[in-house]
Amino acid sequence: MDETPKDTSVIRKSDTEGVPPSGPPPNSNKTAQQMPEQLVARAIAPIKPEFLRPPPPSRTVTIFNAKANQSQSTLVKEKKSKRQLKRERRQEKKSALNLCPEIAKTGDVNACAYKDKCCFNHDIEGFMAQKPADLEGECPFVRLDTRCPYGLVCRFAGTHKDGASAATADVLKKSSEVNGLSKDVQKLLWKNKMRFAKADAAIKSLGLTGPNWKTKKLVEEEDEVFLDGSHAAGETELKKVANESVDGSECPATLSEADNIEEACATDEHRPLKKAKSVVDEKCFDEAENGATDLEKDIEKNSTETESVHTANDVPEEPDRSLNIHPREKKLIDFREKLYLAPLTTVGNLPFRRVCKILGADVTCGEMAMCTNLLQGQASEWALLRRHSSENLFGVQICGAYPDTVARTVELIDKECTVDFIDINMGCPIDIVVNKGAGSCLLSKPLRMKSIIQAASSTVDKPITVKVRTGFFEGKNRIDSLITDIGSWGATAVTIHGRSRQQRYSKLADWNYIYQCAQKAPRSLQVLGNGDIFSYVDWNNHLSDCPELSACMIARGALIKPWLFTEIKEQRHWDISSGERLNILKDYVRFGLEHWGSDRKGVETTRRFLLEWLSYTCRYIPVGLLDVIPQRMNWRLPSYHGRDDLETLMTSDSAADWIRISEMLLGKVPDGFTFAPKHKSNAYDRAENG
């Protein structure tokens with residue numbers, strides 16, 4: 001670990017105010033002729049002149065193809081039907097390279113219980129003849145003193161040792177990773193037979209299924225028209241409409257039960273109808289359901305009797321709100337001055353979080369999972385909730401558009417997973433999420449936000465946190481008008497990303513607005529800031545400028561330089577060498593092979609996620625190359641070279657060079673391999689969104 005150069009200037013806050021948005025990389029020849037202060041003012045990285053070089057003819061390569069001479073690449077492929085894709089998957093499983101997992105573990109052809117009916121190949125000799133050569137290095141399971149669960153199909157089979165059983169490795173993996181989806185729960189979710197007694201009771205107690213739910217929706221739509229239409233209503237008018245609707249949300253006790261049932265049926269038209277259950281079926285299902293308690297059965301029995309006998313003169317009973325958990329009775333988490341790794345889509349997977357834990361992260365959170373996919377039992381979505389034993393303070397982030405969906409998901413996670421808190425995403429700017437009414441779309445619907453937070457906090461006793469942006473449209477911030485209410489709705493903490501939905505990730509985060517919201521927040525609500533934290537100087541400045549701020553969430557800064565957590569804890573600028581950076585990548589690869597598997601599929605999955613991460617790490621500029629420190633998130637990078645060949649390779653923004661780094665760790669890529677990064681983090685929203 002090299003010390004920080006003494007002749008390096010330190011950047012001030014005023015140097016970055018009013019900088020232009022990110023654009024194309026500057027010309028290195030012109031950059032060398034300008035002073036560092038001039039470069040900083042133009043948001044150009046002030047790299048020392050001796051490391052600058054002329055830009056290559058084609059700087060950015062976003063797509064890499066291992067077969068450059070493929071003539072079929074220019075042809076337009078026809079879209080295949082589901083039946084064709086299914087047939088191809090079956091044929092692929094029957095190929096020689098897809099050996100049966102049971103046979104691969106034991107090496108015995110008779111180990112598979114399905115015999116000839118198995119959909120995988122049972123020819124060991126044919127598999128060994130076509131199996132590619134083993135990769136260099138040691139099998140990640142050998143370090144754990146266990147037998148590799150992948151057996152013959154492992155890409156490191158030559159390093160396997162005899163003695164331990166494959167079952168031991170499976171047990172070890174299950175003990176180190178939790179929050180998996182069991183087959184029994186998945187089948188109940190597939191058949192729509194999972195009970196959500198707590199969530200349904202909470203929704204009913206909040207009046208979100210009764211006759212007044214239509215009134216709430218009408219006021220909410222009116223509020224949305226003000227925001228998305230003429231924008232004539234100011235913040236005071238919107239808040240007035242919201243307050244009037246809340247005041248009128250109390251369910252009157254003069255409505256008949258018949259009207260109540262009629263209105264409830266009208267609100268459930270969007271849900272699939274269920275067939276009526278007989279008494280025998282109900283008893284059988286009650287015996288099969290392990291999670292049902294006597295209290296849940298009594299509630300369901302009473303509600304069934306009430307629905308079966310009703311008249312026009314009956315008055316619905318007022319729900320017993322004394323059973324709801326008071327916010328003060330909830331288990332609280334103190335986020336103050338803790339290093340919080342933000343939930344990061346695609347790259348923030350379990351192996352990456354393990355790397356960040358080693359480098360000093362205190363709080364970790366899983367990738368954003370959609371509520372509807374979790375309730376449908378999708379295994380790929382449930383994989384986002386997995387937790388490693390090293391994550392001592394861990395939460396999951398969910399995203400939903402309706403209070404009943406979120407409440408049921410929260411109850412399901414509370415039953416099946418081991419988490420310390422549940423975070424609700426109300427700031428995701430992605431179009432596919434916003435168009436469904438979730439994510440940052442909720443910023444324009446304060447009543448929907450209130451219903452979701454109240455329903456979630458009333459369902460479970462775990463802390464409920466919220467992540468939001470400053471507002472939907474740029475220049476129309478509105479979280480400051482809601483910050484006092486978010487705590488009373490049941491949230492224990494709120495994270496504010498200092499950008500609007502329309503900004504996406506462009507321009508600088510508005511930390512002055514985050515300070516304003518933190519000062520307005522009640523003491524019971526912890527406020528965390530998020531946006532452009534890239535050094536321990538940024539961390540210290542934000543916490544010192546606003547004592548009301550509990551902590552800061554670190555997102556892209558951790559993707560570009562995950563050792564940022566070490567810098568903050570040790571209060572120094574770490575001039576990390578290329579060898580130390582390569583060791584971090586080696587740890588990630590080892591964790592990835594343990595998580596996704598050491599077979600052919602697991603190796604390629606690890607490679608894909610490694611390349612996604614490398615598309616961020618190439619933006620890091622070593623401290624020893626800068627004239628001004630620390631590096632800022634919005635700086636544009638001129639063409640430069642590192643202090644050695646490996647450091648130069650790591651600074652490249654070409655996907656072909658990222659492939660070379662992956663081949664150093666995972667061997668040659670297969671034929672026909674292509675890669676294009678998923679994220680464009682500096683993208684600005686389209687014109688039709690405002």
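A salt bridge here is a side-chain nitrogen of Lys or Arg within 4 Å of a carboxyl oxygen of Asp or Glu. Side chains of opposite charge can pair when their charged atoms come close. What follows concerns a predicted model, in which local features need pLDDT of at least 70, side-chain atom pairs count only at pLDDT 80 or more, and totals for chains, interfaces and linings use all residues. Residues are numbered from 1 along each chain as its sequence is written, and side-chain values use heavy atoms, with hydrogens and water left out.

Let's start with R607, which pairs with E604 in a salt bridge whose closest N and O atoms sit 3.1 Å apart. Why are the two about one helical turn apart? Because R607 and E604 are three residues apart in helix 26 (residues 600-617); helices are DSSP runs of H or I with at least four residues, strands are runs of E with at least two, and both are numbered from the N terminus. R607 is buried, at a relative accessible area of 0%, and E604 is buried too, at 18%. For the cut-offs, buried means under 20% relative accessible area, exposed means over 50%, and partly exposed is in between (1.4 Å probe, protein chains only).

Now hop to helix 28 (residues 655-666), where D657 and R660 are again three residues apart, about one turn of the helix. Their salt bridge has its closest N and O atoms 3.7 Å apart. D657 counts as buried at 18% relative accessibility, while R660 is partly exposed, with a relative accessible area of 47%.

How many salt bridges does the whole structure hold? The count is 25. Another of them links D414 with K462, the closest N and O atoms being 2.7 Å apart. D414 belongs to helix 17 (residues 403-416) and K462 to the loop between helix 19 (446-459) and strand 9 (464-469), so this pair ties together parts that are 48 residues apart in sequence. Both D414 and K462 are buried.

Together with K187, K191 and K193, K183 forms a positive surface patch. Patch members have over 30% relative accessible area and no salt bridge, with like charges joined within 9 Å; Lys and Arg count as positive, and the place of a Lys charge is taken as NZ.

Note on methods: Patches are made of residues with over 30% relative accessible area and no salt bridge: like charges are joined within 9 Å, nonpolar side chains (Val, Leu, Ile, Met, Phe, Trp, Tyr) within 5 Å. Accessible areas come from the Shrake-Rupley method with a 1.4 Å probe; for residues, only the protein chains shown count as cover.
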